[in-house]
Each structure stands twice: as C-alpha cells, then as structure tokens.
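Here is a walk through one protein model, from its sheet to its cores, rings and backbone details. Keep the coordinates open as you read.

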Amino acid sequence: SSGINAEYGDKTLKFWDTRQAQPMMTINCEERVYASDVMYPVAVSILAGRKVKILNLETKPTVHHTMEPPLRYQLRDISIFKKDGKPAGFGVCSIEGRAAIEPFDNTAANSKDKFTFKCHRSVVSDHHKPQDIYAVNGIKFHPIHGTLATIGSDGKFSFWDKDARTKLKTGEQLDNTITCCDFNHTGTYFAYASSYDWSKGHEFYNPQQKNYIFIRQVKDELKPRKK
C-alpha cells in the first residue's frame, strides 16, 4: 500500500510505499503544507497563503493545478467527497468560522454545487452585539451518505447535508477545543479528539487539562434530509 504525507516544515509532499524506508517521490511546494487528503486517482493539499494544490495520481503523482478557494483567511483542513463512487470535489475550512464546497468540475452545470457556509459561530439574537467566530479545525465527509462533519475551536462538532445546504445536528460543547476528526470506512463511527489548539495563544494553555478521544456511533445522524 502507499500513501501521501504532508510535511509542514519543509514545504514538500512525500509519497510513500509503506514497505520502503524512503519516499517513492517528493514534490516541492511553494509554501508549507497544512493538510492533505487522498481518494484515488486524486489528492488535494492545502498550503499556507490559502492555496489548494490538486494532484493527479495516475501513472505518477503530478500537480494538476493550484487554486485559491473563496475563503479569506488561513485554511485548516481539506477533505475529498465523492459522487457515483468517484472523487467529485472537496470541502475546505478556515479559521474564520467558514467552510467551502468546491466541485472539481467547475462547468456551469455544476456551479450550483459551489458555495461557502458559516459555521462554528456563536448564536446572537441581538444584531448589535458582537458574534464570536471560531476556527474550523476539521472537515470530513461521510463515506456512505456524502454528508459531512465539521469541528471547531468552540468545542463542538456539527453534521451537515451539503446538497440540502442544511445542518443536521450540533454536538454538545466540550470543555476544550476539538482538533481533529474522522469517520471509519463504513461510516458507523465518528471519532474526534479534544485538546487545546492554541487558537487563544499560550496564555490560555492549561497543562492540567486532559486530552480526550471520543468515539460516537452515528447510525442515522448523518443520513441526508429527505427531499
């Protein structure tokens, strides 16, 4: 088996055969790499400077193109979604309480599938009061239903139906930020980790606060809304 590894510090993407001690291939990038995802024959990576690099993995990994998603602040995570069993696009999230859905095919017929949405923000009933906006630390798609999960510095996870453009559920707030998440391959379990993400600086770091990994059974919670 093989995989992709994003090296944050040295501005490279490395491709590995797990049977070998050295990478099969290295691609040099113009900026630091924050996160990656793979769904053959496509890989995507987010870079500093709000760049998204899309790679074709057929024959040998090559950069197909580099783009900027419609998010104005630092990107935190990226995840590929599929349609009819094939990679169809990706979701990306940022520190500004916002995420974006981007189809790989940007023709006019698919323009309706391209949008951004706000998430992980405080609910404010009085529009004259300020709203708390939190970093969206992770975004992952359900492997069966195509719905998605986001996690944030607000200590909450949310489930979404991107096709209906609606929220399915928000989890209870934890005492700490949620830093990463994923589904198992059958989509029956959702795992997420709670630890400090440094979004409020070192002065808010509490070494006494424990880190946790939660595993949630999600049998029906991520089914899309009936049309």
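A residue counts as buried when its relative accessible area is under 20%, and as exposed when that area is over 50%. Both Phe117 and Trp160 are buried by this rule. The model is a predicted one.

Stay with those two residues. Phe117 and Trp160 form an aromatic pair, with 4.9 Å from centre to centre. Their planes stand 50° apart, and the pair is tilted. This pair ties together distant parts of the chain. Phe117 sits in strand S11, while Trp160 sits in strand S14, which spans residues 157–161. The two are 43 residues apart.

Another ring pair is Phe183 with Phe190. Their ring centres are 5.0 Å apart and their planes meet at 40°, so this pair is tilted. Phe183 and Phe190 are both buried. They also belong to one aromatic cluster, together with Phe157, Phe159, Tyr192, Tyr212 and Phe214. In total, the structure holds 15 aromatic pairs.

Now turn to a sheet. Strands of a sheet pair through backbone hydrogen bonds, either parallel or antiparallel. Here 4 strands make an open sheet, in the order S8-S9-S10-S11, with antiparallel pairing. Strand S8 (75–83) and strand S11 (115–118) stand at the edges. Each has a single partner strand, so one side of each is left without a neighbour in the sheet. From one strand to the next, the twist averages 20°.

Look inside the sheet. Strand S9 (residues 86–94) and strand S10 (residues 98–103) run antiparallel and are joined by 6 bridges. Val92 stands opposite Ala100 in S10.

What does Val92 touch, leaving out residues up to four places away in sequence? Its contacts include Ile46, Pro69, Leu71, Leu75 and Asp77. Ile78, Ala99, Ala100 and Ile139 are also touched by Val92.

Val92 leads on to the cores. In soluble globular proteins, nonpolar side chains tend to be buried together. The largest nonpolar core in this model has 14 residues. Those with the most contacts inside it are Val44, Ile46, Val52, Ile54, Ile78, Phe90 and Val92. Strand S5 (42–47), strand S6 (51–56), S8 and S9 each supply at least two residues of this core.

Next, the cysteines. The structure holds 0 disulfides. For Cys180, the nearest cysteine sulfur is that of Cys181, 7.2 Å away. Cys180 is partly exposed, at 43% relative accessibility, whereas Cys181 is buried, at 9%.

Finish with the backbone. The peptide bond from Tyr40 to Pro41 is cis, with omega near 10°. Pro41 is in the loop between strand S4 (33–39) and S5.

Two phi values also deserve a look. Lys11 is not a glycine, yet its phi is positive, near 60°. Lys11 lies in the loop between strand S1 (2–7) and strand S2 (12–17). It counts as partly exposed, at 34% relative accessibility. His120 also has a positive phi without being glycine, near 55°. The loop between S11 and strand S12 (136–141) holds His120. Is His120 buried or exposed? At 6% relative accessibility, His120 counts as buried.

Methods
Residues are numbered from 1 along each chain as its sequence is written. This is a predicted model: local features need pLDDT of at least 70, side-chain atom pairs count only at pLDDT 80 or more; totals for chains, interfaces and linings use all residues. Side-chain values use heavy atoms; hydrogens and water are left out. A disulfide is a pair of cysteine sulfur atoms within 2.5 Å. Buried means under 20% relative accessible area, exposed over 50%, partly exposed in between (1.4 Å probe, protein chains only). Two strands pair if DSSP finds at least two bridges between them. Axes are lines fitted to C-alpha atoms, for helices over the stretch in contact, and angles run from 0 to 180 degrees between N-to-C directions. A nonpolar core is a set of buried Ala, Val, Leu, Ile, Met, Phe, Trp, Tyr and Cys residues joined through side-chain atoms within 4.5 Å. Contact means heavy atoms within 4.5 Å. Rings of Phe, Tyr and Trp (its six-membered ring) pair if their centres lie within 6.5 Å; planes under 30 degrees apart count as stacked, over 60 as edge-to-face and the rest as tilted.
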